[in-house]
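Please look at the sequence and the 3D structure below before reading on. The report that follows describes some contacts, the core and the aromatic rings.

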Amino acid sequence: MILRQFFDLTSSTYTYLLASGRGREALIINPVKEQTHHYLTAIKDLDLKLVQAIDTHTHADHITALGTLREST
């Protein structure tokens, strides 16, 4: 299991990247749009395949990166 935690200082938001060590399939939880480049860099550096991105709740404090991540993978 691979786990990376990211923190966006502006919105005080934590984002999590989880992946299977065996299949290299990854899930990103609560991504912040302005931090997309950090997530994509980590995914590439860890040789992962992003298969899902989710928000756990409505975000009034930041714009989600769900659409951006789906377009990028």
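Leaving aside neighbours within four places in sequence, Ile28 is in contact with Thr15, Tyr16, Leu17, Tyr39, Leu50, Gln52, Ala53, Ile54 and Leu69, where contact means heavy atoms within 4.5 Å. This is a predicted model, in which local features need pLDDT of at least 70 and side-chain atom pairs count only at pLDDT 80 or more, while totals for chains, interfaces and linings use all residues. Residues are numbered from 1 along each chain as its sequence is written, and side-chain values use heavy atoms, with hydrogens and water left out.

A nonpolar core is a set of buried Ala, Val, Leu, Ile, Met, Phe, Trp, Tyr and Cys residues joined through side-chain atoms within 4.5 Å; buried means under 20% relative accessible area, exposed over 50%, and partly exposed in between, with a 1.4 Å probe and protein chains only. Helices (H or I, at least four residues) and strands (E, at least two) are DSSP runs, numbered from the N terminus.

Helix α1 spans residues 36-45, and within this helix Thr36, Tyr39, Ala42 and Ile43 are buried. These residues lie on the same side of α1, because they cover an arc of only 130 degrees around the axis, the arc being that of the directions from the helix axis to the C-beta atoms. On the other side of α1, Lys44 and Asp45 are exposed. Just after α1, Asp47 takes a positive phi of about 55 degrees.

How many aromatic pairs does a search of the whole structure find? The search finds three, where rings of Phe, Tyr and Trp (its six-membered ring) pair if their centres lie within 6.5 Å, and planes under 30 degrees apart count as stacked, over 60 as edge-to-face and the rest as tilted. Two of these pairs are set out here.

| Pair | Centres apart | Angle of planes | Class |
|---|---|---|---|
| Phe6 and Tyr39 | 5.1 Å | 75 degrees | edge-to-face |
| Phe7 and Tyr14 | 4.7 Å | 50 degrees | tilted |

Phe6 in strand β1 and Tyr39 in helix α1 are 33 residues apart, so their pair links distant parts of the chain, and both residues are buried. Phe7, at 41% relative accessibility, counts as partly exposed, and Tyr14, at 39%, also counts as partly exposed. Ring pairs link Phe7, Tyr14 and Tyr16 into a cluster.
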